[in-house]
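Dear colleague,

Please find the structure below, handed over for your own reading.

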Amino acid sequence: MEEDIWMSILRNHHVRPTANRIIILRALDAADRALTLREVEDRVLSIDKSGVFRALTLFRQNHLVHDIEDGDGVVRYELCMGSGGKNDDDLHVHFFCEHCHQTFCLYDCPVPEIKLPEGYVGSGVNYVVKGLCPACARKKGRPTDQL
């Protein structure tokens, strides 16, 4: 995406556009999967670690990124593709590969609607399927149509 598009996206999420924030957004957009903080830092070496962390925290607070807890003990970040409102419409399933430890977004798999019992108030959904990604399944000689 061009820089003016990134600036518009930041403004739509009530985040002041800066050069560093645009660089971080580009890194997230270029990734084919959710990234750990360390992976984002490695992709934007021109920005110090605290700057990357502060930007990701701001993005999360303004619904510009999702943070994903996939059970591997590390939080991962992905760019939101939703409208940016508090009731984000970008809910989708994530897949954690138990072999390569990468988390992939399955945009075509929406999170099933959950009806909570009376009295419960939900604030978010973290839906993760675990197994082998296609590349790791092929390496291990496993069929990729199971589950």
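D67 forms a salt bridge with R60, and their closest N and O atoms are 3.6 Å apart; a salt bridge here is a side-chain nitrogen of Lys or Arg within 4 Å of a carboxyl oxygen of Asp or Glu. Both partners are partly exposed: D67 has a relative accessible area of 33%, and R60 has 34%. On this scale, buried means under 20% relative accessible area, exposed means over 50%, and partly exposed lies in between, with a 1.4 Å probe and protein chains only.

This is a predicted model, in which local features need pLDDT of at least 70, side-chain atom pairs count only at pLDDT 80 or more, and totals for chains, interfaces and linings use all residues. Residues are numbered from 1 along each chain as its sequence is written, and side-chain values use heavy atoms, with hydrogens and water left out.

The structure holds three salt bridges. One of them joins D42 to R38, with the closest N and O atoms 3.4 Å apart. These two residues are four apart in helix α3 (residues 37–43), so about one helical turn separates them. D42 is partly exposed at 43% relative accessible area, while R38 is exposed at 54%. Another salt bridge links R33 with E39, where the closest N and O atoms are 3.1 Å apart. R33 counts as buried, with 13% relative accessibility.

As to the overall layout, the protein chain has five helices and six strands. Helices (H or I, at least four residues) and strands (E, at least two) are DSSP runs, numbered from the N terminus. Read from the N terminus on, the order of the elements is α-α-β-α-α-β-β-β-β-β-α. The protein chain has 147 residues, of which 36% count as buried. Among contacts with a separation of 6 or more, 47% are between residues 24 or more positions apart, a contact being heavy atoms within 4.5 Å.

Two helix pairs deserve a description. Helix α2 (residues 19–30) packs with helix α4 (residues 49–61) at an angle of about 75°, their axes being 10 Å apart. Axes are lines fitted to C-alpha atoms, for helices over the stretch in contact, and angles run from 0 to 180 degrees between N-to-C directions. The two helices α2 and α4 are therefore roughly perpendicular to each other, since angles under 35 degrees count as roughly parallel, over 145 as roughly antiparallel, 65 to 115 as roughly perpendicular and the rest as oblique. On the α2 side, R21, I24, L25 and L28 meet G51, V52, A55, L56, L58 and F59 of α4.

The other pair is helix α1 (residues 3–12) with α2, whose axes come within 10 Å and cross at roughly 100°. α1 is thus roughly perpendicular to α2. Here E3, W6, M7 and L10 of α1 meet R21, I22, L25, R26 and D29 of α2.

Two histidines have a positive phi. H14, in the loop between α1 and α2, has a phi near 60°, a positive value in a residue other than glycine. H14 is exposed, with 70% relative accessible area. H63 also has a positive phi, of about 60°, although it is not a glycine. H63 lies in the loop between α4 and β2 (65–69) and counts as partly exposed at 24% relative accessibility.

In the loop between β2 and β3 (75–79) one finds D70, which counts as buried at 2% relative accessibility. Leaving aside neighbours within four places in sequence, D70 is in contact with R76, F96, T103, V128 and K130. D70 and Y127 are 57 residues apart in sequence, yet 8.4 Å apart in space, C-alpha to C-alpha.

Y127 also belongs to a nonpolar surface patch with L91 and V125, which together have about 250 Å² of accessible area. Patches are made of residues with over 30% relative accessible area and no salt bridge, with like charges joined within 9 Å and nonpolar side chains (Val, Leu, Ile, Met, Phe, Trp, Tyr) within 5 Å. V125 sits in the loop between β5 (103–110) and β6 (128–131) and is partly exposed, at 45% relative accessible area.

With kind regards

Notes:
Areas by Shrake-Rupley, 256 points an atom, 1.4 Å probe, with all protein chains shown as cover.
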